[in-house]
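Open the viewer and keep the selection panel at hand. The stops below say what to pick next and what to look for there.

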There are 4 protein chains.
Amino acid sequence: MARATQTTGTPGTGRPAARHHGNRHGRSEQARLAVLNAADDLLVEKGFAGVTMEGIATRAGVAKQTIYRWWSTKTGVLMDAFLQDVAEDLTVRDHGDLARDLRTYLRELAWFLSSSDSGAVFRALIAHAQHDPAFAEDFRSRYLDDQRGRDRLPLERALERGELVPGLDLAAETDQLMGPVYYRVLVTGEPVGQEFTDRLVDAFLHRHGLTAPAKD
Amino acid sequence: MARATQTTGTPGTGRPAARHHGNRHGRSEQARLAVLNAADDLLVEKGFAGVTMEGIATRAGVAKQTIYRWWSTKTGVLMDAFLQDVAEDLTVRDHGDLARDLRTYLRELAWFLSSSDSGAVFRALIAHAQHDPAFAEDFRSRYLDDQRGRDRLPLERALERGELVPGLDLAAETDQLMGPVYYRVLVTGEPVGQEFTDRLVDAFLHRHGLTAPAKD
Amino acid sequence: MARATQTTGTPGTGRPAARHHGNRHGRSEQARLAVLNAADDLLVEKGFAGVTMEGIATRAGVAKQTIYRWWSTKTGVLMDAFLQDVAEDLTVRDHGDLARDLRTYLRELAWFLSSSDSGAVFRALIAHAQHDPAFAEDFRSRYLDDQRGRDRLPLERALERGELVPGLDLAAETDQLMGPVYYRVLVTGEPVGQEFTDRLVDAFLHRHGLTAPAKD
Amino acid sequence: MARATQTTGTPGTGRPAARHHGNRHGRSEQARLAVLNAADDLLVEKGFAGVTMEGIATRAGVAKQTIYRWWSTKTGVLMDAFLQDVAEDLTVRDHGDLARDLRTYLRELAWFLSSSDSGAVFRALIAHAQHDPAFAEDFRSRYLDDQRGRDRLPLERALERGELVPGLDLAAETDQLMGPVYYRVLVTGEPVGQEFTDRLVDAFLHRHGLTAPAKD
DNA sequence: GTGTAAGCGAGACGGTACGTCAAGTCTTCCG
DNA sequence: CGGAAGACTTGACGTACCGTCTCGCTTACAC
């Protein structure tokens, strides 16, 4: 769970080395990272109910007030922790071939959602989003919209390559591919194996008159 | 959210009216119903965080101890409340025609999940299931397994009628139909309109060499 | 610091033995006493700043909430603790002789104020009363009015015995006797020895044409 | 509460106007005065509990660190504020006549203690002194000793004039005069009217064989 | 005239205690 | 014996100040 050295407020902005502990240059990078790490360690170890502001503060060796200064809720902390980790865990490969791209991506998505540490945080956050509409909105704009972009990427590339006919409703097609995976993970709790994801891809290809490649 | 006056223990059994507040004849039906009603009223009014054992007790006019005597957690209460309501809200019609059955059912499922009071409780429970594996297990055996049976019903009937070829993996097919609906409701939060559900049905029919009927 | 078994709310009312720990019969006598003892132990050991609600709770082995259920402030706790103790520490003797009564009483008052544990609590409370007018009001009606009654007692008895002429402003006379003692204790911090108190009595006696007895 | 532009360190020394915000020549007079004013404004407006280092800093437009650089506690600040004000509020007049001097002085003392802004600060400080022996010591050496000197002044002058016989225990006599005034202000909270202070003076005069003058 | 060092405003930091809320347990009395 | 009442311990909440710290700015003397 290595973390990039970035502020929350201005994500992506590089920043000079931070050795200070609180001064007019703003927040302590050290405290920020300690908080984020403590939060998702606690989530993985003790589950969502085991994540408390008090617990995060203690484990991070940080004052509670320092957490409240920068985040308003524990789910806010978890979201930031998640956003920093997730980039590493889920990337979209480009093999120049739609079938392979989809197969690979769906397998990795299934693994990410059901088996990775980040996936555990994701499930916790998506669960919390059901209880809290404002959080849901925030989570969508900060993560899910990007994620849907990534989900759509293989199809967009295929469109550009001419593998798919123009005029397709990419959003709806993507939902048909991804939906069942999320469904199994979040609702039924069944394992999402390769056969399952491959079958989703096959159905998609068949639907668009493409042939499934041999199993890899 | 009308509730039948039935005990949990002996569902369907008629029983003499029970208006007592404490007697030697077993639990008070009145208290039980008051608790269940209070719980989902609170959920609908104030959201999941607004449901507390203390709040339920106060609103139901019941002692906290009485709740703890019969349920161990507030989610247990909500589950019982949900189970009693849900039967009324989601039924599977049989038109003797797969295409119509599926279209109708998916529309109703979408409405149930996203717009009904019971759907709100469902979302709360499925969310809680992400945080609590034991509860997830319980929720599946007490509700979701039945629900998946209902989801599969149109396909099973079609199989019997010969509309579908035998040997189909019904579970996987059902997941492809239902998954995207749950996905939109739980994850993206987008509205799940008729076009979306109809498209899912069309894809299914096309996949199995059936023709889509005219729009209704 | 033995404490009588009385409620705060209805002081003086006897109450049946209390073995319970919280039930519909009302508060736990055990908890109440533990809190009062903890409070004045802390005061004596660590001073006023060392008395915190949290500290009282911990030392008394009681939940913070239990303290807040019955008292609203730490000074409220200290006042109750003080009221229970004070009766034992300061009594007015009756020798049937004004001079002796006054001498004895002023010596004991000086000792009480400057050297007893209860006196330490008294000083803390009178100090707090300077900061908090509502508390001052409460302290006066719950303690000081009685205390002034006790202070006046020797003079009243002397009046009845005919040692003093009727029509005396007892309040003002008492203030002249007691005031310098409080002044030394609260303001100058000087020791209040026997010479000092005896001199006050002598001045009083001289002022009213009485002769001072031989030193005892 | 006008304040002279003087440092604490070198009271009475005139100094050039200092409007700077930071230099190598020592502290900012502007900051010092802002702090003292803020402190006793807060005391008068919100009471002792309303005086916080943070609040003083904010109201004075000064950094907290600047306060801590020159004072170690908020009561230290209040004491300095008090010392600067008090000189103006309580002076001892010399009419060349003991009876008049005492009457005037006791009336002014009573007014000072119970009704002036400085008196409010005095009461807060004497209260705090009950809780903090080190502070008490400091308060005595920085203020109370001087004050007792002022209190004694009328008697000393009378001694020099021959109105009183030599060999008198001035300290004890002063305590008998002043004590009841402080007692009423600090303990009973009763108003200290002219009748009360005049009566104290009359008793003193009578005790020393002097005649009370006509009422003025 | 320029560097350097002190005082300053600013404000983040690790803490302690605050007063509140709900959880889950217990004990009693009533019907 | 179930239920109403409600006191109890526990633990987390979010807030307010504490006293410490680091920083960059603003001087005015010392070189």
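## Salt bridges, chain by chain

Over all chains, a search of the whole structure finds 76 salt bridges. Keep in mind that this is a predicted model. Side chains of opposite charge can pair when their charged atoms come close.

Start with one inside a helix. Select Asp138(A) and Arg142(A). They form a salt bridge, with the closest N and O atoms 3.9 Å apart. Both sit in helix 7 of chain A, residues 133-161, and because they are four residues apart, about one helical turn separates them. An α-helix has 3.6 residues a turn, so residues three or four places apart point the same way.

## Chains A and B

Show chains A and B together. The same surface serves both copies: of the contact residues of chain B, 100% recur in chain A.

Now colour the contact. On each side, 34 residues take part: 34 of chain B touch 34 of chain A. The two chains bury about 3100 Å² between them, and 59% of that lies on carbon and sulfur atoms. Which residues of chain B lose the most area to chain A? Select His131(B), Tyr183(B) and Val187(B); together they account for 21% of what that side buries.

Next, look for charge. Six salt bridges cross the interface of chain B and chain A. Zoom in on Asp169(B) and Arg199(A), a salt-bridge pair whose closest N and O atoms are 3.2 Å apart. Polar contacts between chain B and chain A come to 14 residue pairs, both residues at pLDDT 80 or more.

Switch to cartoon. Four helices of chain B each supply at least two residues of the side that touches chain A: helix 6 (117-131), helix 7 (133-161), helix 8 (170-188) and helix 9 (194-207). Helix 8 of chain B gives the most, with 13 residues.

## Chains C and D

Chain D superposes on chain C by a rotation of 180 degrees with 0.0 Å of shift along its axis, at an RMSD of 0.1 Å. That is the relation of a two-fold axis. The same surface serves both copies, as 100% of the contact residues of chain D recur in chain C.

Here 34 residues of chain D are in contact with 34 residues of chain C. The buried area is about 3200 Å², 60% of it on carbon and sulfur atoms. Pick out His131(D), Tyr183(D) and Val187(D): these supply 21% of the area that chain D buries against chain C, more than any other three residues.

Six salt bridges link chain D and chain C. Go to Arg148(D) and Glu190(C), a salt bridge with closest N and O atoms 3.0 Å apart.

## Along helix 7 of chain D

Finish by selecting residues 133-161 of chain D. This is helix 7, with 29 residues. From first C-alpha to last, helix 7 reaches 39 Å, close to the 42 Å expected at 1.5 Å a residue.

Walk from its start. There, a side-chain oxygen of Asp132(D) comes to within 3.1 Å of the backbone nitrogen of Ala134(D). Move on to Arg140(D): a kink of about 50 degrees is centred there. Just after the helix, stop at Gly162(D), which takes a positive phi of about 85 degrees.

Terms used:
Residues are numbered from 1 along each chain as its sequence is written. Chains are lettered from A and ligands numbered from 1 in the order in which they are written. This is a predicted model: local features need pLDDT of at least 70, side-chain atom pairs count only at pLDDT 80 or more; totals for chains, interfaces and linings use all residues. Side-chain values use heavy atoms; hydrogens and water are left out. Copies are superposed by least squares on the C-alpha atoms of residues with pLDDT of at least 70 in both. Contact means heavy atoms within 4.5 Å. The expected span of a helix is 1.5 Å times one less than its number of residues. The bend at a residue is the angle between axes fitted to the seven residues ending there and the seven starting there. A polar contact is a pair of N or O atoms within 3.5 Å; within protein, one must be able to donate a hydrogen and the other to accept it, and residues adjacent in sequence count only if both atoms are side-chain atoms. Buried area is the accessible area (1.4 Å probe) that two parts lose on being put together, summed over both. A salt bridge is a side-chain nitrogen of Lys or Arg within 4 Å of a carboxyl oxygen of Asp or Glu.
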